[in-house]
Amino acid sequence: MGHSIKETQKRVLFLIQVGISIVLFYIIFHKINFNQIRNVTSDFNIWYFLLALVFKFSSVLLSSAMLGVVLEMLNNFIPFWRLSQIYFSSFFYNSIGIGTIGGDLYRWYKLNKINGSKETSSLIIIVEKIIIFAVLLSFVFVGFTVVMLQGSYVMLLLLIPLPFVFLYAITKLVQIVMRYISKVKAFRNFYPFDVLSAEIVKIPLIPPILLSRAILFSSLFYMFNIATFALIVYSVDKTV
């Protein structure tokens, strides 16, 4: 009985996805001037575009690998193929949610279904986000160093520890925020923020080799996305 209900839920979810996709395509086809698109793509380079697709596909696999490392940090295990399924599906919800919130909620929901713990699922998503923000801030700092301060590329080697520094700082900030939230009775009754705060403080104590792997996969994810965007631009306009 339970199995048939789950199968029905999957079918309903699939139909909802198809329905939303049809609506989005309908809006696109009625709002876009295809004559302009034809002019832009008249000299379209298909090889650049195909390479961009490969890079984008690879970036999703890198995200899955990064999430796998986060699970390893928290003594959880989900097969890589399953993580990849979750991440590819979450891309759909990224497109219809507010920013990446749709994808995050979907991953939280699927993780919760697998491990049966909303606290563990929340901790996984929070740790993933902390690492991502640490890497993003490092990219910003590196870009500022190269472009604004005219730093040399050799100097960039000195910035390798930056993600670890930002990781520690963001972890402390999140812990402080959750500590204050947990003091509010309404929030405390709604969710065990104090439990999450106690777990988050352990992040800097995770073995450096695990943190390094997560930071590497996250960095490669953004590099591949930047390359994807550049290749798409080059495929339609080589003057940029």
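**A helical protein and its contacts**

The side chains of E72 and R213 come together in a salt bridge, at 3.3 Å from N to O; the term stands for a side-chain nitrogen of Lys or Arg within 4 Å of a carboxyl oxygen of Asp or Glu. E72 sits in helix α3 and R213 in helix α10, so this pair ties together parts that lie 141 residues apart in sequence. E72 is partly exposed, with a relative accessible area of 38%, and R213 is partly exposed too, at 33%. Here, buried means under 20% relative accessible area, exposed means over 50%, and partly exposed is in between (1.4 Å probe, protein chains only).

The structure holds 2 salt bridges. E128 and R107 form one of them, with their side chains meeting at 3.4 Å, N to O. E128 belongs to helix α6 and R107 to helix α5 (residues 101-115), so the pair links parts 21 residues apart in sequence. Both E128 and R107 are buried.

A word on the model itself: it is predicted, so to speak of local features takes a pLDDT of at least 70, side-chain atom pairs count only at pLDDT 80 or more, and totals for chains, interfaces and linings use all residues. Residues are numbered from 1 along each chain as its sequence is written, and side-chain values use heavy atoms, with hydrogens and water left out.

As for the overall picture, the secondary structure comes to 10 helices and 0 strands, where helices (H or I, at least four residues) and strands (E, at least two) are DSSP runs numbered from the N terminus. Of the 240 residues, 34% count as buried. Contacts (heavy atoms within 4.5 Å) reach along the chain as well: among those between residues at least 6 apart in sequence, 70% join residues at least 24 apart.

Now for the inside. The largest nonpolar core has 36 residues, and M73, I130, I131 and I200 touch the most other members. Such a core is a set of buried Ala, Val, Leu, Ile, Met, Phe, Trp, Tyr and Cys residues joined through side-chain atoms within 4.5 Å. Two or more residues each come from α3, α4 (80-96), α6 (118-147), α7 (162-182), α9 (193-200) and α10 (208-236), and α6 gives the largest share, 10 residues. Leaving out neighbours within four places in sequence, I130 is in contact with L167, I170, T171, V174, I200 and I203.

Helix α3 has 28 residues and spans 41 Å from its first C-alpha to its last, close to the 40 Å expected; that expected span is 1.5 Å times one less than the number of residues. Just after α3, N75 takes a positive phi of about 60°. F91, in helix α4, touches K56 and V60, not counting residues up to four places away in sequence. The C-alpha atoms of F91 and V60 are 8.8 Å apart, though 31 residues separate the two along the chain. F91 is partly exposed, with a relative accessible area of 27%.

On the surface, F44, I46, W47, L50 and L53 form a nonpolar patch, with about 500 Å² of accessible area together. Patches are made of residues with over 30% relative accessible area and no salt bridge, like charges being joined within 9 Å and nonpolar side chains (Val, Leu, Ile, Met, Phe, Trp, Tyr) within 5 Å. Accessible areas come from the Shrake-Rupley method with a 1.4 Å probe, and for residues only the protein chains shown count as cover. F44 lies in the loop between α2 (34-40) and α3 (46-73) and is partly exposed, at 31% relative accessible area.
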